[in-house]
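Biologist: Kindly take me through the reading of a protein model, one feature at a time.

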Amino acid sequence: MWESICLTLAATAGNNIGKVLQKKGTIILPPLSLKLKVIRAYAENKPWALGFLMDIFGALLMLRALSLAPVSVVQPVSGCGLAILSVFSHFYLKEVMNVFDWIGITVAGIGTIGVGAGGEEQKASLISVFQLLWLAFVVAILFVLLNAWLHIFKRQRREQELGEYEVVEEIIYGLESGILFGMASVVSKMGFVFVEQGFSAMFIPMCISISICCSGTGFFYQTRGLKHGRAIVVSTCAAVASIVTGVVAGMFALGEKLPTSPSGRLLLLLGWLLIMLGVVLLVTSSRLIRHLPRSFRRSRQSSGERGFSLRRTASHGPKDTNPSAVIQAATLHHLLSTPSKEKD
């Protein structure tokens with residue numbers, strides 16, 4: 001179990017840090033196209049090439065982790081990628097982190113330890129075709145309801161001539177992308193379970209292909225939400241929905257079960273809760289810090305700026321989008337999300 005958790009942490013670190021490096025490399029690069037000159041420019045750019053290799057390596061590690069552990073363990077632990085990304089951004093990109101960022105990282109780390117201590121290895125159970133069809137039906141109905149709800153609010157916004165996004169629209173786009181990211185992990189795990197039950201090895205690439213489609217569609221919904229909505233709302237909903245979907249679908253469709261011992265069950269449930277709480281703290285830290293007393297905020301800001309102001313001034317003027325504000329739900333196929341808004 002600990003081996004799969006370590007693999008998941010390494011995979012999600014590779015995915016998230018790789019995307020940051022790719023993003024940093026594209027600052028001086030032209031828009032990506034199939035022209036040989038453009039492809040050569042991307043390949044010769046060291047930050048982008050290193051980020052791309054780390055992203056691919058993280059995808060392979062995630063596949064290995066899914067082959068060893070239940071998706072109900074791997075998917076929640078992958079949420080700690082946001083904490084790893086925040087630490088990397090702090091030390092590599094010289095971004096100042098507030099007290100809620102550090103609390104979120106600590107809480108997510110404790111939750112990971114709880115998942116590792118409470119989780120236990122499980123034998124692959126028989127996959128019921130009826131359960132798979134029922135799961136697909138539930139997801140389809142859920143998307144129909146969410147899109148119908150979204151259509152109603154869009155029509156009301158047009159009738160009232162409102163220019164800004166409603167919070168309901170941001171929540172819906174976040175939920176839809178998170179559900180698809182979670183389903184991508186479940187489908188990938190499904191391929192390995194089929195092979196363990198004696199089916200053809202072709203189920204693995206077939207399930208991975210379906211997983212790519214789920215992640216690509218989830219990226220589409222997440223990008224639509226981030227284009228006009230607030231990254232904090234979209235990211236929080238996507239993170240929580242991804243973890244909950246992975247856990248529920250893994251138990252319902254793949255027959256994964258809670259630990260048999262009461263202490264293990266408690267540790268696992270507590271670990272899931274702490275990881276989700278840590279992720280929520282990380283993506284809402286800039287809003288939460290505003291509710292602190294002004295004297296405390298000024299003291300924290302002055303102490304942080306004392307160590308980083310010179311380096312930040314020498315590097316670049318306006319601060320780029322904080323990568324920790326955009327969720328990178330750690331499935332093996334997640335794509336780089338577009339910059340949304342600057343973090344206060």
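**Burial, helices and cysteines**

Modeller: Let us begin with Ile 172, which is buried at a relative accessible area of 0%. Buried means under 20% relative accessible area, exposed over 50%, and partly exposed in between, with a 1.4 Å probe and protein chains only. This is a predicted model, in which local features need pLDDT of at least 70 and side-chain atom pairs pLDDT 80 or more, while totals for chains, interfaces and linings use all residues. Residues are numbered from 1 along each chain as its sequence is written, and side-chain values use heavy atoms, without hydrogens and water.

Biologist: Which residues does Ile 172 touch, not counting those up to four places away in sequence?

Modeller: A contact means heavy atoms within 4.5 Å. By that rule, Ile 172 touches Leu 146, Trp 149 and Leu 150, leaving aside residues up to four places away in sequence. Ile 172 itself belongs to helix 8, residues 167-196. Its C-alpha atom is separated by 9.8 Å from that of Val 233, 61 residues apart along the chain.

Biologist: How many helices and strands does the protein have?

Modeller: Helices (H or I, at least four residues) and strands (E, at least two) are DSSP runs, numbered from the N terminus. The protein has 12 helices and 0 strands. Of its 344 residues, 50% count as buried. Among contacts between residues at least 6 apart in sequence, 80% join residues at least 24 apart.

Biologist: Where does Asn 45 lie, in relation to helix 2 and helix 3?

Modeller: The loop between helix 2 (36-44) and helix 3 (46-68) holds Asn 45. Asn 45 is buried, at a relative accessible area of 9%. Gly 25, Ile 28 and Leu 29 are touched by Asn 45, not counting residues up to four places away in sequence.

Biologist: At what angle do the axes of helix 3 and helix 4 cross?

Modeller: Axes are lines fitted to C-alpha atoms, for helices over the stretch in contact, and angles run from 0 to 180 degrees between N-to-C directions. The axes of helix 3 and helix 4 (residues 71-78) come within 8 Å and cross at roughly 145°. At this crossing, Met 62, Ala 65 and Leu 66 of helix 3 meet Val 71, Val 74 and Ser 78 of helix 4. Classed by residue, that contact has 5 nonpolar, 1 polar and no charged residues. Here Ala, Val, Leu, Ile, Met, Phe, Trp, Tyr, Cys and Pro count as nonpolar, Asp, Glu, Lys and Arg as charged, and the others, Gly among them, as polar.

Biologist: How many disulfides does a search of the whole structure find?

Modeller: A disulfide is a covalent bond between the sulfur atoms of two cysteines. In the model, the criterion is a pair of cysteine sulfur atoms within 2.5 Å, and the search finds 0 disulfides. For Cys 213, the closest cysteine sulfur is in Cys 214 at 7.0 Å, too far for a bond. Cys 213 counts as exposed at 52% relative accessibility, whereas Cys 6 is partly exposed at 48%.
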